[in-house]
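Here is a short briefing for a reader who is new to this structure. Take a look at the model first, then go through the points by topic.

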Amino acid sequence: MHGADGALGLVVNRHKPQQWHVHHWQQSKADAMQAALVEAVEAALQFVVCDSRRRAEAIHDLLKHQHPGQRGLLITSTTTATEEGAAAIRLLTDEAALQGIGWVVASPSISSGLSIDHGHFRGVWGFFGAGTYADDEALQALARIRPSFPRHRSEEHTSELQSR
C-alpha cells in the first residue's frame with residue numbers, strides 16, 4: 001500500500017481463524033453418520049444442513065422418531081413459506097428462544113445471509129450428495145454456526161452413468 005507521502009507500507013494480517021474439527025465420514029451411505037447424529041441429539045442441540053429438501057425432511061423425521069419427547073425445527077422451502085416457518089428462522093439467532101429444542105434441520109432454503117454467533121448448538125452436521133450444493137456452498141452451510149464446535153460432513157456419491 002502506498003501512503004500519502006508515496007512511501008510503500010506493508011499490512012500484516014495476524015488474525016488466526018478459528019480451527020474446526022471436521023469429521024469426514026467416508027461411506028457410500030450416511031447410515032453411520034445418522035446413527036452418530038441420533039446419539040448426539042441426546043446430549044445437546046445439533047444443527048443439521050442438507051442439500052435437498054427431501055433429505056432434510058427424512059432426517060427430521062428420523063430424529064422425531066428416535067426422540068419422540070424432544071422438539072426439533074425443520075427449515076425448508078415448504079416450511080419457510082408459512083409465517084410459522086419464517087418465525088423459526090428468526091429463532092435461530094436467539095439463543096434463549098432455542099431452549100427446549102433438540103435439533104434444527106435446514107435445507108438450502110437458508111443458503112446465505114444467516115450467521116449464528118451464539119454457543120447453544122454443540123455440533124454441526126452436513127449431509128450432502130444430492131448435487132444441489134457446490135463445495136463452497138457446503139462449506140458456507142457448515143460455517144453458518146460461527147463458534148468452533150465439531151463439524152461432521154458426509155457426501156454420498158451417486159453415479160449418473162448407468163450400465164447398459
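Predicted model: local features only at pLDDT ≥ 70, side-chain atom pairs only at ≥ 80, totals over all residues.

A salt bridge here is a side-chain nitrogen of Lys or Arg within 4 Å of a carboxyl oxygen of Asp or Glu.

**Overall layout**

- The protein chain has 4 helices and 6 strands.
- Read from the N terminus, its elements run β-α-β-α-β-α-β-β-α-β.
- The protein chain has 164 residues, and 39% of them count as buried.
- Take the contacts in the protein chain with a separation of 6 or more: residues 24 or more positions apart account for 76% of them.

**Salt bridges**

- How many salt bridges does the structure hold? The number is 3.
- Side chains of opposite charge can pair when their charged atoms come close.
- Glutamate 155 is partly exposed, at 27% relative accessible area. Arginine 153 has 15% relative accessibility, so arginine 153 counts as buried.
- Glutamate 57 meets arginine 53 in a salt bridge, at 3.3 Å from N to O. Both residues lie in helix 2, which covers residues 53–66. They sit 4 residues apart, about one turn of the helix.
- Glutamate 57 is partly exposed, at 26% relative accessibility. Arginine 53 is also partly exposed, with a relative accessible area of 41%.
- Lysine 64 forms a salt bridge with aspartate 61, and their closest N and O atoms are 3.8 Å apart.
- Lysine 64 has a relative accessible area of 43%, so lysine 64 is partly exposed. Aspartate 61 is partly exposed too, at 42%.

**Aromatic pair**

- The count of aromatic pairs comes to 1.
- Which way do the rings of phenylalanine 47 and phenylalanine 121 meet? Their planes stand at 75 degrees, so the pair is edge-to-face. The ring centres are 5.3 Å apart.
- The pair links distant parts of the chain, 74 residues apart. Phenylalanine 47 belongs to strand 2, residues 46–50. Phenylalanine 121 is in the loop between strand 4 (101–106) and strand 5 (123–128).

**Largest pocket**

- The largest pocket has a volume of about 180 Å³.
- Two elements give two or more residues to the lining of this pocket: strand 3 (71–75) and helix 3 (83–91).
- Which element gives the largest share of the lining? Helix 3 does, with 5 residues.
- Residues lining the largest pocket include Arg71, Gly72, Leu73 and Leu74. Also among them are Thr79, Thr82, Glu84 and Gly85. Ala87, Ala88 and Leu91 line the pocket as well.
- By class, the lining has 5 nonpolar, 4 polar and 2 charged residues.

Key. Residues numbered from 1 in each chain as written. Heavy atoms only, no water. Buried < 20%, exposed > 50% of the residue type's maximum accessible area, 1.4 Å probe, protein only. 1 Å grid on protein atoms, 1.4 Å probe; cavity = no way out; pocket = protein on both sides within 12 Å on 5 of 7 lines; lining within 4 Å. Points joined across faces, edges and corners; volume = space filled by probe spheres on them. Nonpolar A, V, L, I, M, F, W, Y, C, P; charged D, E, K, R; others polar. Phe/Tyr/Trp six-rings, centres within 6.5 Å; stacked < 30°, edge-to-face > 60°. Contact = heavy atoms within 4.5 Å.
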